[in-house]
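Here are some questions to work through with the model open beside you.

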Amino acid sequence: MAGETPWQTAAALEKAEAPTFDTSVAHIARVYNYWLGGKDNYAADRAAGDRTMAEYPGIVASARANRAFLRRAVRFLVTGAGVRQFLDVGTGIPTSDNTHEVAQSLAPQSRIVYVDNDPVVLAHARALLTSTPEGVTDYVDADLREPGPILAHAAQTLDFSRPVAIMLLAVLQLVGDDEPYRVVADLLAAVPPGSYLVLSHPTSDLQQDQVTAMVAQLNHLVAEKVTTRDRDQVARFFTGLELVEPGLVNVSEWRPDANGPAEMPAALWVGVARKP
Ligand SMILES: C[S@@+](CC[C@H](N)C(=O)[O-])C[C@H]1O[C@@H](n2cnc3c(N)ncnc32)[C@H](O)[C@@H]1O
């Protein structure tokens, strides 16, 4: 329709009525919230969560390990790489230690743009917009399969002549076939050298039988289709980039906290890489 934009800005959200959504069908953002012990989920999400946990009890530890990786990766980017701008795509329902909270606790001037296409995340967007006075957070209601509008909106908040960390955590499995490779390439093409890609991706080449059974359940019960990828397929996302140490590894092996809890290996490959 003429005049319509494919995304909703944070300012538009202020004026918008509360989004409506169908709670009778499980959605991945709410199932993930349930795995993490959150309260922003409905009976269908909890049923799907319970069925998948029965197939693969390690999913709860995997989800927690993924969030712990987000914390460690953002801390590394701020303190070890000097990054002050973040584009967090597939944000999820706000939980503890969201990207802006971790980044701005270390560098208050950090600027963060969140992107998600789930109406429940949209309904909670204000919780993602609690920036420090020195920094900025913004939220874009958009589909990552169309990077153009995301980049156009993010450019209102982020300076694309300076490094940006593109965060794609536990989201590319929700885009099938080869499409996510195009999406990642388009996003990386928009940011300058010195920018970073942060990625985590569920896999079935670890804990294979249980994960395969869980994904079959998910694809039966949840609106979004999940595609796991093996290590080589995940490595392809980093083509042309410089992986920082320790490279593409199991989530438990990526710069574990010296004094933190020992992490269980989980069915996730993760990596952080610099655009040369
Ligand atoms: C499993 S959660 C991961 C949340 C967060 N990145 C994390 O790692 O904790 C996946 C999120 O991606 C969002 N998502 C799924 N498909 C998407 C798409 N095509 N465009 C934008 N967001 C999407 C879902 O709504 C959900 O909030």
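A quick cut-off first: a residue is called buried when its relative accessible area is under 20%, exposed when over 50%, and partly exposed in between. Keep in mind that this is a predicted model.

Q: Is S252 buried or exposed?
A: S252 sits in the loop between strand 7 (249–250) and strand 8 (268–274). Leaving out residues up to four places away in sequence, S252 touches E263, M264 and P265. Its relative accessibility is 11%, and the cut-off is under 20%, so S252 counts as buried.

Q: What span should helix 4 have, and how far apart are its end C-alpha atoms?
A: Helix 4 covers residues 58–81, which makes 24 residues. At 1.5 Å a residue it should span 34 Å. That agrees with the model, where the end C-alpha atoms are apart by 32 Å.

Q: Which residue just after helix 4 takes a positive phi?
A: Look just past the end of helix 4, where phi is about 70°. The residue with that positive phi is G82.

Q: Which element gives the most to the lining of the largest pocket?
A: This pocket has a volume of about 790 Å³ and is lined by 47 residues. The top contributor, with 6 residues, is helix 4.

Q: How many charged residues are in the lining of the second largest pocket?
A: Here the volume is about 240 Å³. Among the 14 lining residues, R64, A65, A68, P261 and E263 lie nearest the centre. By class the lining has 7 nonpolar residues and 1 polar, and the charged ones number 6.

Q: How far apart in sequence are the parts that R71 and D97 tie together?
A: R71 and D97 form a salt bridge, with their closest N and O atoms 3.5 Å apart. R71 lies in helix 4, while D97 is in the loop between strand 1 and helix 5 (99–106), so the pair ties together parts separated in sequence by 26 residues.

Q: Which residue meets R75 in a salt bridge?
A: The N to O distance for this pair is 3.1 Å. R75 lies in helix 4 and its partner in the loop between strand 7 and strand 8, so the bridge ties together parts that are 182 residues apart in sequence. The partner of R75 is D257.

Definitions and conventions. Residues are numbered from 1 along each chain as its sequence is written. This is a predicted model: local features need pLDDT of at least 70, side-chain atom pairs count only at pLDDT 80 or more; totals for chains, interfaces and linings use all residues. Side-chain values use heavy atoms; hydrogens and water are left out. Helices (H or I, at least four residues) and strands (E, at least two) are DSSP runs, numbered from the N terminus. Buried means under 20% relative accessible area, exposed over 50%, partly exposed in between (1.4 Å probe, protein chains only). Contact means heavy atoms within 4.5 Å. The expected span of a helix is 1.5 Å times one less than its number of residues. On a 1 Å grid over the protein atoms alone, a cavity is a set of points where a 1.4 Å probe fits but cannot get out, and a pocket is an open set with protein on both sides within 12 Å along at least five of seven lines; lining residues have an atom within 4 Å of a point. Grid points are joined across faces, edges and corners, and a volume is the space filled by probe spheres set on the points. Ala, Val, Leu, Ile, Met, Phe, Trp, Tyr, Cys and Pro count as nonpolar, Asp, Glu, Lys and Arg as charged, and the others, Gly among them, as polar. A salt bridge is a side-chain nitrogen of Lys or Arg within 4 Å of a carboxyl oxygen of Asp or Glu.
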